Amino acid sequence: MQKLLSYPLSIIFYFCFGLCLVIFHPIQWICINVFGYNAHRWSVAILNWFLVRTTHILGTTYNIKGTENIPSNKPLIIVANHQSLYDIPPFIWFLRKCHPKFISKKELGKGIPSVSFNLRHGGSALIDRKDPKQALPEIKRVAEYINQNNYSVVIFPEGTRSKTGIPKPFSVNGLKMLYKFAPDAYFLPVTINNSWKMTRFGQFPLGLGNRIEHTIHPPLKISDFSFDEILEKTETIIKSNIKN
């Protein structure tokens with residue numbers, strides 16, 4: 001019955017979601033080219049407020065826990081498990097004060113209204129996973145950028161989405177570069193739960209009535225740990241709080 005009901009609701013959702021992306025694409029262009037970085041940042045944040053709200057059409061709700069654990073005015077390396085594309089708008093909206101950037105595959109840097117524009121012009125890193133000579137300098141650049149400006153970068157070290165919520169092994173290369181070139185930063189572990197249920201039937205129709213949780217755990221200061229120590233602690237914290 002839920003799957004049957006999800007067909008018309010998914011159509012309405014995709015229309016509203018796509019409309020937001022199309023409308024905010026020129027808004028972003030105007031903001032960054034006329035008013036600069038902060039105007040563009042806020043245009044992206046407001047876009048993602050709308051994107052979060054469109055998921056309410058599907059009965060989706062959000063529970064963001066642990067915001068008191070976010071250090072103020074510090075560079076942050078936000079490390080999270082990855083369950084669906086719907087993990088991302090809550091980061092941009094609910095953590096907007098942290099100026100979140102992303103480590104993203106280069107394919108997302110073109111062809112998607114608003115999304116591609118923000119990835120190209122908002123300070124994120126677009127990487128070729130098959131080409132370390134391209135990817136590692138990009139990650140180095142964004143690490144130095146967030147370290148200098150007290151911004152944050154979101155990385156999903158599994159490298160790809162888990163379709164069942166069961167976490168995949170963490171890849172170390174990107175995290176190691178961020179650790180090395182953002183020495184003043186904190187690792188901020190975040191556990192995402194139930195986002196995978198949005199696509200339990202695939203991209204169409206979408207799952208209904210999901211309560212997506214983002215749990216923000218206490219930060220780990222890079223200077224207090226070796227890379228191996230902070231990687232182990234971060235991965236253990238994230239994975240031990242995933243609800244299957």
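This is a tour of a predicted model, stop by stop, from the whole chain down to single residues.

**Whole chain**

Start with everything shown as a cartoon. The chain has 7 helices and 8 strands. Its radius of gyration is 17 Å, close to the 18 Å that the globule rule gives for 244 residues, so the chain is as compact as a globular protein of that length. Along the principal axes, the C-alpha atoms fill a box of roughly 50 × 45 × 35 Å.

Now switch to a surface. Of the 244 residues, 50% count as buried. Turn on contacts next. Among those with a separation of 6 or more, 74% are between residues 24 or more positions apart.

**Charges**

Select the charged side chains. There are 29 positive and 15 negative ones. The centres of the two sets lie 8 Å apart. Side chains of opposite charge can pair when their charged atoms come close. The structure holds 6 salt bridges.

**Asp128 and Lys106**

Pick Asp128 and Lys106. Their side chains form a salt bridge, 3.3 Å from N to O. Which parts does the pair tie together? Asp128 sits in the loop between strand S4 (125-127) and helix H5 (132-149). Lys106 sits in the loop between strand S3 (100-105) and helix H4 (115-121). The bridge therefore links parts that are 22 residues apart in sequence.

Check the cover on each partner. Asp128 is buried, with a relative accessible area of 18%. Lys106 is partly exposed, at 42%.

**Along helix H5**

Stay with H5 and show its side chains. Glu138 and Arg141 meet in a salt bridge, 3.2 Å from N to O. They are 3 residues apart in helix H5, so about one helical turn separates them. Arg141 is partly exposed, with a relative accessible area of 33%.

Next, select Glu144 and Lys140. This salt bridge spans 2.9 Å, N to O. Both residues lie in helix H5, 4 residues apart, about one turn of the helix. Glu144 is partly exposed at 35% relative accessible area, and Lys140 is partly exposed at 30%.

Return to helix H5 for Asn147. Is Asn147 buried or exposed? It is buried, with a relative accessible area of 15%. Leaving aside residues up to four places away in sequence, Asn147 touches Pro75, Phe181, Ala182, Pro183, Asp184 and Ala185.

**Helix H2**

Move to helix H2, residues 37-54, and select His40. His40 is buried, with a relative accessible area of 2%. Which residues does His40 touch, not counting those up to four places away in sequence? Show Gln28, Cys31, Ile32, Phe117, Asn118, His121 and Gly122.

Arg53 is partly exposed, with a relative accessible area of 30%. Select Phe17 as well, 36 residues from Arg53 along the chain. The C-alpha atoms of Arg53 and Phe17 are separated by 9.3 Å.

**Backbone geometry**

Finish with the backbone. Most residues other than glycine have a negative phi, and most peptide bonds are trans.

- Select Phe204 and Pro205. The peptide bond from Phe204 to Pro205 is cis, with omega near -5°. Pro205 lies in the loop between strand S6 (186-193) and strand S7 (211-216).
- Select His99. Its phi is near 55°, a positive value in a residue other than glycine. His99 is in the loop between helix H3 (88-94) and S3. At 13% relative accessibility, His99 counts as buried.
- Select Ser114. Its phi is near 65°, again positive in a residue other than glycine. Ser114 lies in the loop between S3 and H4. It is buried, with a relative accessible area of 1%.

How values were computed. Residues are numbered from 1 along each chain as its sequence is written. This is a predicted model: local features need pLDDT of at least 70, side-chain atom pairs count only at pLDDT 80 or more; totals for chains, interfaces and linings use all residues. Side-chain values use heavy atoms; hydrogens and water are left out. Helices (H or I, at least four residues) and strands (E, at least two) are DSSP runs, numbered from the N terminus. The radius of gyration is taken over C-alpha atoms; the globule rule is 2.2 Å times the number of residues to the power 0.38. Buried means under 20% relative accessible area, exposed over 50%, partly exposed in between (1.4 Å probe, protein chains only). Contact means heavy atoms within 4.5 Å. Lys and Arg count as positive and Asp and Glu as negative; His and the chain ends are not counted. The place of a charge is taken as NZ of Lys, CZ of Arg, CG of Asp or CD of Glu. A salt bridge is a side-chain nitrogen of Lys or Arg within 4 Å of a carboxyl oxygen of Asp or Glu.
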